[in-house]
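This report describes charged side chains and strand pairing. The sequence and the structure are shown first.

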Amino acid sequence: LLALTGLVVAAACERDPASPQADEALFAMHGGGDHEATLTPEIREQLAALRELTAPFHDFEAAKDADYETPLTPCLAHPTEGAMGVHYGDPSLLDATVELLAPETLLYEPQKNGKLRLVAIEYVVPFAAHPATADPPELMGQHFHANEEAGVWGFHVWLWRHNPSGLFADFNPKVS
C-alpha cells in the first residue's frame, strides 16, 4: 500500500554492520543529516515535533498501543536504492487527510536479534481519496510521490536512520 517506484519486495531485511547507536548519535549530532541543512526553521520545528511524537515508538509495544500494529508490507527493498523496512500502520488513518502529527505508517528495520528498529515515518494517501490525476499532496514543503502499482501517494521522513539519499527519499541505502 505504500508509495514505491520500481519496487522489489524482499522477504526479510538484514541489518548492515554499522552500530545503531553510533548511527543515531551521528544523525542527532548533525540535526538529521547533511540534507537537513537547507530546511527552513518552520520545517525544522515540524521535524522536532515529529521526533517528539515518534520517540516512544522505538519501543514497538508503544507503537502497537498507539494502533501502529498492522503490518502493511513485508520488508521492502529496491535492487539498487536500498530498503525501507517493514511498514506498520493504523489503517484508520488511510484517507485524504494529511496531518503532521498523525502519520499513517512507521517503518521498522528488522534486526538480527529479532527486534524491530524504528527508522522512518511514511505518510500515505490512497488514490481513492486523492486521485492520481490530481496535484500531489504536500507536507513540509515536499510533494508526495505517486505509486501507480499500489494506488497511493507516499511521503517518507527518515527521522531515525540517516539516509544518504535524503531526508525525504523513498529508499535508504543504509537499510538492507
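Glu 61 and Lys 64 are three residues apart in helix H3, which means that about one helical turn separates them. Helices (H or I, at least four residues) and strands (E, at least two) are DSSP runs, numbered from the N terminus. The model is predicted: local features need pLDDT of at least 70, side-chain atom pairs count only at pLDDT 80 or more, and totals for chains, interfaces and linings use all residues. Residues are numbered from 1 along each chain as its sequence is written, and side-chain values use heavy atoms, with hydrogens and water left out.

**Salt bridges**

Glu 61 and Lys 64 form a salt bridge, defined as a side-chain nitrogen of Lys or Arg within 4 Å of a carboxyl oxygen of Asp or Glu. The structure holds three salt bridges, as tabulated here.

| Pair | Closest N to O |
|---|---|
| Glu 61 and Lys 64 | 3.5 Å |

Glu 61 is partly exposed, with a relative accessible area of 43%, and Lys 64 is partly exposed at 29%. Here buried means under 20% relative accessible area, exposed over 50%, and partly exposed in between (1.4 Å probe, protein chains only).

Arg 161 is buried at 0% relative accessibility, and Glu 109 is buried with a relative accessible area of 0%. Salt bridges that share partners join Glu 109, Arg 117 and Arg 161 into one network. Both Glu 109 and Arg 117 are buried.

**Strand pairing around S4**

Eight of the eight residues of strand S4 (residues 82-89) are buried, so the strand is largely enclosed by the rest of the structure. Strands count as paired if DSSP finds at least two bridges between them. S4 pairs with S2 in the antiparallel sense over two bridges, with Pro 71 as the bridge partner of Tyr 88 in S4. Strand S3 (residues 76-78) runs antiparallel to S4 and is joined to S4 by three bridges; Leu 76 stands opposite Gly 85 in S4. S3 and S4 form a hairpin with three residues between them. Strand S5 (residues 105-110) is joined to S4 by four bridges, and the two run antiparallel. His 87 has Leu 107 in S5 as its bridge partner.
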